[in-house]
Amino acid sequence: MRGAARAAGGRAGQLWPRPPAPGPGPPPPLLLLLLGALLGGAGAQYSSDRCSWKGSGLTHEAHRKEVEQVYLRCSAGSVEWMYPTGALIVNVRPNTFPPSRRHLTLCIKPLRDSSGANIYLEKTGELQLLVRDGDRGPRQVHCFGFEQRGLFVEATPQQDISRRTTGFQYELTSRHAESDLRAQSAPCRPCSDTEVLLAVCTSDFVVRGSIQDVTHEPEQQESAIHLHVNRLYRQKSTVFRPAPEGGGWRGHVTTLLECGVRPGRGEFLFTGHIHFGEAHLGCAPRFKDFQRMYKDAEEKGLNPCEMGTE
């Protein structure tokens with residue numbers, strides 16, 4: 001079985017046109033906001049946190065600013081905008097010098113209760129809708145090439161903004177991670193021997209264990225596979241923690257609901273990637289099958305990396 005983060009780059013969004021040529025009618029308010037930010041960005045209020053930003057739209061009234069510039073300088077973080085009014089332009093930059101943009105992918109994931117604004121991808125004055133205010137569908141991950149500029153977050157008219165908060169998490173990853181996030185052509189098919197051996201070398205987590213339970217989340221179109229881990233080979237972040245009763249680790253990985261995962265007996269080798277703090281299933285062969293694959297490749301000198309198989 002093979003899973004991937006539900007990150008097909010978002011639904012096809014509306015592509016906003018460039019500002020129209022001068023005519024009898026005024027340009028749309030959203031484009032006026034964007035133009036005002038580009039011309040008057042020097043006076044905008046900047047974020048002091050290099051990884052995450054949290055602010056309030058009420059400051060727009062106090063400072064008479066309609067658009068606020070936000071600059072982030074980390075590979076991962078979040079944006080949380082309370083009482084959204086006006087608009088934000090969010091600029092994410094890598095924390096390396098000199099910055100290499102050609103092989104980077106920016107992914108965003110709306111917060112669970114995000115509301116009060118639309119989120120657009122901005123590129124040279126054109127706006128493409130990524131997340132529409134009021135969309136209560138699955139919390140989808142949206143990915144795009146980093147060279148496609150920044151994000152434009154525009155508050156929608158509200159009679160009461162007191163309970164509105166717009167926000168999202170972001171990750172800036174290397175280009176190879178995009179293929180992992182977008183691997184939707186056959187996400188539920190078993191991995192080939194070559195794919196398994198490569199996954200062992202490149203995955204964010206590699207663990208040996210058994211399936212304790214499987215729970216399904218129809219609203220998120222995901223299934224959670226709850227694992228008891230006997231051996232922890234690698235994990236990028238702490239998604240598997242020591243079992244309370246001792247002896248091994250506990251944790252869960254997610255995969256697509258459409259894969260129809262069920263509890264199964266025996267030991268498996270679980271691999272995959274971690275996105276936004278959640279483990280997403282990649283290749284998961286039975287451990288005895290992995291031992292066979294590894295031994296065959298080792299005898300032929302074709303193993304991409306070494307790993308204990310006992």
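Q: Which residue does a disulfide join to C191?

A: Start from distance: a disulfide is a pair of cysteine sulfur atoms within 2.5 Å. In this case the partner of C191 is C283, with S to S 2.1 Å. The torsion about the S-S bond of C191 and C283 is about -90°, so this disulfide is left-handed. C191 lies in the loop between helix 3 and helix 4 and C283 in the loop between strand 16 and helix 5 (287–300), so the pair ties together parts that are 92 residues apart in sequence. A word on the source: this is a predicted model, where local features need pLDDT of at least 70 and side-chain atom pairs count only at pLDDT 80 or more, while totals for chains, interfaces and linings use all residues. Residues are numbered from 1 along each chain as its sequence is written, and side-chain values use heavy atoms, leaving out hydrogens and water.

Q: Is C191 buried or exposed?

A: Buried means under 20% relative accessible area, exposed means over 50%, and partly exposed is in between (1.4 Å probe, protein chains only). C191 has 16% relative accessibility and counts as buried.

Q: Why is the disulfide of C107 and C143 right-handed?

A: Look at the torsion about the bond between the sulfurs. A disulfide joins C107 to C143, S to S 2.1 Å, and the torsion about that S-S bond is about 110°, so the handedness is right. C107 belongs to strand 5 (residues 104–110) and C143 to strand 8, so the pair ties together parts that are 36 residues apart in sequence. C107 is buried at 0% relative accessibility, and C143 is buried at 3%.

Q: How many helices and strands are in the chain?

A: These elements are DSSP runs, numbered from the N terminus: helices are H or I over at least four residues, and strands are E over at least two. The chain has five helices and 16 strands.

Q: What order do the strands of the open sheet have?

A: Strands of a sheet pair through backbone hydrogen bonds, either parallel or antiparallel. For the count used here, two strands pair if DSSP finds at least two bridges between them. This open sheet has five strands in the order 1-3-10-5-8, with mixed pairing. Strand 1 (53–56) and strand 8 (142–145) stand at the edges, each with a single partner strand, so one side of each has no neighbour in the sheet. Strand 1 runs parallel to strand 3 (residues 76–82), and four bridges join them. There, G55 stands opposite W81 of strand 3.

Q: Which residues in helix 4 are buried?

A: An α-helix has 3.6 residues a turn, so residues three or four places apart point the same way. In helix 4 the buried residues are V196, L197, A199 and V200. Seen down the helix axis they fall within an arc of 155°, so they line one face of helix 4. That arc is taken over the directions from the helix axis to the C-beta atoms. Contact means heavy atoms within 4.5 Å, and the buried residues of helix 4 pack against strand 11 (205–217), strand 12 (222–235), strand 15 and helix 5.

Q: Which residue other than glycine has a positive phi near 45°?

A: That is Y83, placed in the loop between strand 3 and strand 4 (87–92). Y83 is partly exposed, with a relative accessible area of 29%. F276 is not a glycine either, and has a positive phi of about 55°. F276 lies in the loop between strand 15 (268–275) and strand 16 (278–281), and it counts as buried at 11% relative accessibility.
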